[in-house]
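Here are my notes on the model you sent over. Have the structure open while you go through them.

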Amino acid sequence: MQPLQTLLVVDDDLDIRDALQDVFELEGYAVLLAADGLEALAQLRQVETPPGLILLDLMMPRMDGFAFREALRHDAALSDIPVLVASADLDVKGAAEGLEVAGWLRKPLDLSELLSAVKRLSQAA
């Protein structure tokens, strides 16, 4: 069976990455994982087909979500990929507003809210 679509999860927390990979694969998605923005950019530049959606944490070492989003916006091959921000920041909406993202969620993530947003945004791509 073909996966619905590929998702890229960018989060420095290994437990969160593993849990999200399990959840998304159970839902039929293919999943790529990256621990920070630098690793995510390297993966995006190597894959044949870009993912249909990027789930992005904002606070990460080396390259945070803000710098990663800025790099995406300046790369014509990657700038059209929808980005869903997930952050524990109390003002995640405010933090996400200047990033031109498709949506945002507050951590800890509500699973049904997450899956609903992912389904909606990955189909829009």
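Which residues have the most contacts inside the largest nonpolar core? Keep that in mind for point 3.

1. Ground rules. This is a predicted model, where local features need pLDDT of at least 70 and side-chain atom pairs count only at pLDDT 80 or more, while totals for chains, interfaces and linings use all residues. Numbering starts from 1 along each chain as its sequence is written, and side-chain values use heavy atoms, with hydrogens and water left out.

2. Overall layout. The protein chain has five helices and five strands (DSSP runs numbered from the N terminus: helices are H or I, at least four residues; strands are E, at least two). From the N terminus on, the order is β-α-β-α-β-α-β-α-β-α. The radius of gyration, taken over C-alpha atoms, is 13 Å, close to the 14 Å from the globule rule for 125 residues, so the chain is as compact as a globular protein of that length. (That rule is 2.2 Å times the number of residues to the power 0.38.)

3. The main core. The answer to the opening question is Val10, Leu44, Ile54, Phe68 and Leu72, in a core of 21 residues. A nonpolar core here is a set of buried Ala, Val, Leu, Ile, Met, Phe, Trp, Tyr and Cys residues joined through side-chain atoms within 4.5 Å; buried means under 20% relative accessible area, with a 1.4 Å probe and protein chains only. Strand E1 (6–10), H2, E3, H3, E4 and helix H4 (92–97) each give two or more residues to this core. Apart from it lies another core of 17 residues, including Leu7, Val9, Tyr29 and Val118.

4. Helix H3 (residues 65–73). Gly65, Phe68, Arg69 and Leu72 are buried in this helix. Seen down the axis of H3, they fall within an arc of 100°, so they line one face of the helix (the arc is that of the directions from the helix axis to the C-beta atoms). Their cover includes helix H2 (37–46), strand E3 (53–56) and strand E4 (83–87). At the N-terminal end, Asp64 is the cap, with a side-chain oxygen 3.1 Å from the backbone nitrogen of Phe66.

5. Asp11. Is Asp11 buried or exposed? Asp11 is buried, with a relative accessible area of 4%, and its place is in the loop between E1 and helix H1 (14–26). The Asp11 side chain makes a polar contact with the side chain of Lys107 at 2.5 Å (a pair of N or O atoms within 3.5 Å; within protein, one must be able to donate a hydrogen and the other to accept it, and residues adjacent in sequence count only if both atoms are side-chain atoms).

Conventions
Buried means under 20% relative accessible area, exposed over 50%, partly exposed in between (1.4 Å probe, protein chains only). Contact means heavy atoms within 4.5 Å.
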